[in-house]
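The tour has two stops, each beginning with a selection.

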Amino acid sequence: MKIFGKALGILLSAAVTVGVGTGVIANQAHAAEKSINIGWTAWSDAEAVTKLAKHVIEERFGYKVELTMADIGIQYQGIASGKLDAMLMSWQPLTHKPYLDKVGKDVVDLGPLYTRARLGWVVPDYIPVDQVKSIEDLKKPEVQKQLGGKIQGIDPGSGLMQASEKALKTYDLKGMQLVSASDAAMLAALERAMKRNEWIVVTSWSPHWMFANWKLRYIEDPKGALGGLESVNAIVRKGFYQDHPDVYEFLNRMVLPIGDLEAMMQEARQSSYEKAVDNYIKNNKARIDYWVTGKL
């Protein structure tokens with residue numbers, strides 16, 4: 001634990017910081033009081049939600065918000081130790097259960113940011129359903145040959161990859177290898193395969209812009225190895241409410257329809273997450289005002 005704690009401190013101190021607050025800060029002492037650090041991972045939904053929260057917190061509360069990129073497990077440890085103030089990507093109740101089992105008593109759960117999220121394995125829709133309908137079908141030698149014996153995954157520390165490792169064992173898929181990569185690498189592999197009309201299975205989740213961009217489908221998981229419907233929650237460090245009650249209350253009220261989130265993610269692909277966030281705020285003034293003030 002001492003070694004991990006030291007590594008955590010080094011990682012967080014050297015983490016990627018995105019942007020600074022645009023509010024007027026009177027002096028350095030005031031800036032220190034009005035500064036928070038939010039952890040994130042470069043998943044499409046997490047980036048949209050986190051940058052939306054950052055924009056509102058800076059513009060409406062005058063904070064400086066730093067975004068610290070780190071693996072998901074590191075973020076949970078950062079919240080528990082107080083090195084991070086918040087994270088907006090806690091998948092519950094199953095996907096991130098191993099992390100919450102370790103640090104749940106040392107963090108504060110503010111509840112869902114959005115619901116009806118899910119994990120799963122996805123294939124292009126041109127792969128015949130009568131050949132690949134469920135995970136069970138991946139046992140077939142002819143299917144494994146078409147797939148090159150691989151399932152394309154994302155970053156190894158993610159809950160999705162842990163669930164996928166479980167699925168390999170649950171379905172006894174000895175002929176299949178789960179390939180670790182990143183969200184970007186998974187998407188690149190999927191796009192490459194689809195251009196060539198090749199077979200591929202990728203680990204994915206909803207919400208994700210990929211479903212609006214390509215014709216894809218989840219394959220069935222009859223044994224429930226990858227879980228069911230999930231919510232994605234905000235969690236903060238202990239003492240965050242006492243230090244930043246206005247931001248705490250804002251995050252507690254921030255609930256986003258999943259359809260709105262998917263539309264924002266798709267728009268961000270055509271421009272940027274910053275522009276998509278700006279447009280969402282302009283087009284949803286009443287909702288944002290409620291998040292900020294609590295008044296309908």
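Select D109, which belongs to strand β5, residues 107–124 (helices, H or I, of at least four residues and strands, E, of at least two are DSSP runs numbered from the N terminus). The model is predicted, with local features requiring pLDDT of at least 70 and side-chain atom pairs pLDDT 80 or more, whereas totals for chains, interfaces and linings use all residues. Residues are numbered from 1 along each chain as its sequence is written, and side-chain values use heavy atoms, without hydrogens and water.

D109 is partly exposed because its relative accessibility is 39% (buried is under 20% relative accessible area, exposed over 50%, partly exposed in between; 1.4 Å probe, protein chains only). Next, display Q92, N233, A234 and I235, which D109 touches when residues up to four places away in sequence are not counted (contact: heavy atoms within 4.5 Å). The C-alpha atoms of D109 and I235 lie 4.5 Å apart, although 126 residues separate the two in sequence.

Now select helix α8, residues 183–195. Its 13 residues should span 18 Å at 1.5 Å a residue, and the end C-alpha atoms are 18 Å apart, which agrees (expected span: 1.5 Å times one less than the number of residues). Colour the buried residues of α8: D183, M186, L187, A189, L190, A193 and M194. They cover an arc of only 160 degrees around the axis, so they lie on the same side of α8 (the arc is that of directions from the helix axis to the C-beta atoms). On the other side of α8, A184 and K195 are exposed.
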